[in-house]
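User: I'd like to go through this structure with you. Can we start with how the terms are set?

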Amino acid sequence: MKILWAVSLALAAVALSLVVVFAVLIAVPPHDAPDVPPLSVDAMSFNLPPDGRKAETETAAARAELARLKPKLPYIVIDTHDQKIYLRTEDKIILQGVCSTGNDGTLKDPSADRAWTFATPNGVFKVSSKVPQPWWRKPDWAFIDEGEPIPKDPKERLDPNMMGEYAMGFGDGYFIHGTIYERLLGINVTHGCVRLGSADLEKLYKAVPIGTQVYIF
Amino acid sequence: MLILVAAACGGGNKPARSEGTAAQAGPAAAPPGAAELSYRALKAELALSKTDKPYLVINVPRSALEVHLHGLTVWDCPMSIASSESDPLDRFAAKFASNGQVLRQVTDKYVYAAKDRNSSQTLDIVAKVVKVDPSLMQRSLPERFLLKFGDGLVLDVRTDVVGTPASKMSNRRMDVREKLGRLTGGATVVFQTDGDHALTLNRVAQPGTPTLIYPAGYVPVAPDATPPARNAAPRPARKPR
């Protein structure tokens, strides 16, 4: 009898221990939740006026303000995560293609106190120029990257092949252009510009006017 | 012991500092109506549109998850919901917007499994040519990940990618915690999408990413209804009420 009690107690202790271990494993999260700073926008501070007419007016005004942010014409979206480019409206994709955006690498000039980060900028831009048969005017970093001396003659910076058949500038020296490295499309290998395959580039170039909004995220 | 576990799941991880503001002070106020929620969503989006940072939008009328930038849709994905519950999205939305909140943020993210999109051999070769760390060029296709918004609100994103789990034990523990969380008042929406869509969502949705909800009845900027974008899987039919 005593042995039976002892065995039962031992089994109960083991069972209890297993339950405690299980509970602790479940209670303790598998990873530490990150520290998240508070939201910069306090949506709870936006309250409708109690007066019905005023509420309608304010809602209509907010709606109109949001409408003004939206382009009337199709816009370009560059998804730097998935390496895709779209010409779209809010409701429809008109064109899509695979692209290549900035590699996020950095380059330091060994002989001067300057450095470059090769990222495609995020935000909203506009197509500010359209150039057929563009030539690339190589900036200093292109020579430094190859370990070549920076030429004094500006003509030595010009390369007629690297940018493909068309280029669309969207500010600050960034372009959507073609590439001789189509096999690398889909991987972010560029120095900040957005590269497209020749077929997609031609379609996009012919479809977008100057002033087309470009959204990059 | 069950109570201890349930309480741990309900409280969960370290409390996020931004689980939305507290309920209105003073005597019990009437819950905000659709008009109030819509107004708040409009004003909140106007505020979010002033930065260059993308934010998530749970578009309940369209059953879609969207990424917006400057007030505009730049990515969207129909929420192909996998659930035996009726209207899990409505339940999720009701809980999200309880106390009048239309804006929360991702408080936590958990990736169950993922796989590299590009072969490491290819990237090693490319990295040598462009002189860049190959990890900067790699992209991860997730098999499954959770986005948490506090108060037991979870988006469970699943794809048909077969990934490598970081830790099977951690995954099992997370699964049990999530199931217990649902039993104790949480609201989870499980939805299916393709790997490429999930890749973008997984990278955009980081802890801290603002997440807005367009509640049921939210009137879009253009009052006339417009068809959804066609860049993803066909939209599933909503169960009739």
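Analyst: A salt bridge here is a side-chain nitrogen of Lys or Arg within 4 Å of a carboxyl oxygen of Asp or Glu. By that rule, four salt bridges cross the interface of chain B and chain A.

User: Which side chains meet in a salt bridge at 3.1 Å, N to O?

Analyst: Those of A:R88 and B:D76.

User: What should I know about the model and the numbering?

Analyst: This is a predicted model, where local features need pLDDT of at least 70, side-chain atom pairs count only at pLDDT 80 or more, and totals for chains, interfaces and linings use all residues. Residues are numbered from 1 along each chain as its sequence is written, chains are lettered from A and ligands numbered from 1 in the order in which they are written, and side-chain values use heavy atoms, with hydrogens and water left out.

User: OK, back to the interface. How many residues are in contact?

Analyst: 81 residues of chain B and 65 residues of chain A, with contact meaning heavy atoms within 4.5 Å. The buried area is about 6,400 Å², and carbon and sulfur atoms give 64% of that. Buried area is the accessible area (1.4 Å probe) that two parts lose on being put together, summed over both.

User: Now the sheet in chain B. What is the strand order?

Analyst: β4-β10-β8-β7-β6-β9, an open sheet of six strands with mixed pairing. Strands (E, at least two residues) and helices (H or I, at least four) are DSSP runs numbered from the N terminus, and two strands pair if DSSP finds at least two bridges between them.

User: Which strands stand at the edges?

Analyst: β4 (80–81) and β9 (164–165) of chain B; each has a single partner strand, so one side of each is left without a neighbour in the sheet.

User: And β8 with β10, parallel or antiparallel?

Analyst: Parallel, with six bridges joining β8 (residues 153–158) to β10 (residues 187–192) in chain B. B:V157, for example, has B:F191 in β10(B) as its bridge partner.

User: What lies across β4, β8 and β10?

Analyst: Helix α3 (residues 88–96) of chain B, running at about 135° to β10(B). Axes are lines fitted to C-alpha atoms, for helices over the stretch in contact, and angles run from 0 to 180 degrees between N-to-C directions.

User: How many salt bridges over all chains?

Analyst: 17. One of them pairs B:D151 with B:R104, closest N and O atoms 2.9 Å apart. B:D151 is in the loop between β7 and β8 of chain B and B:R104 in strand β5 (residues 103–105), so the pair ties together parts 47 residues apart in sequence.
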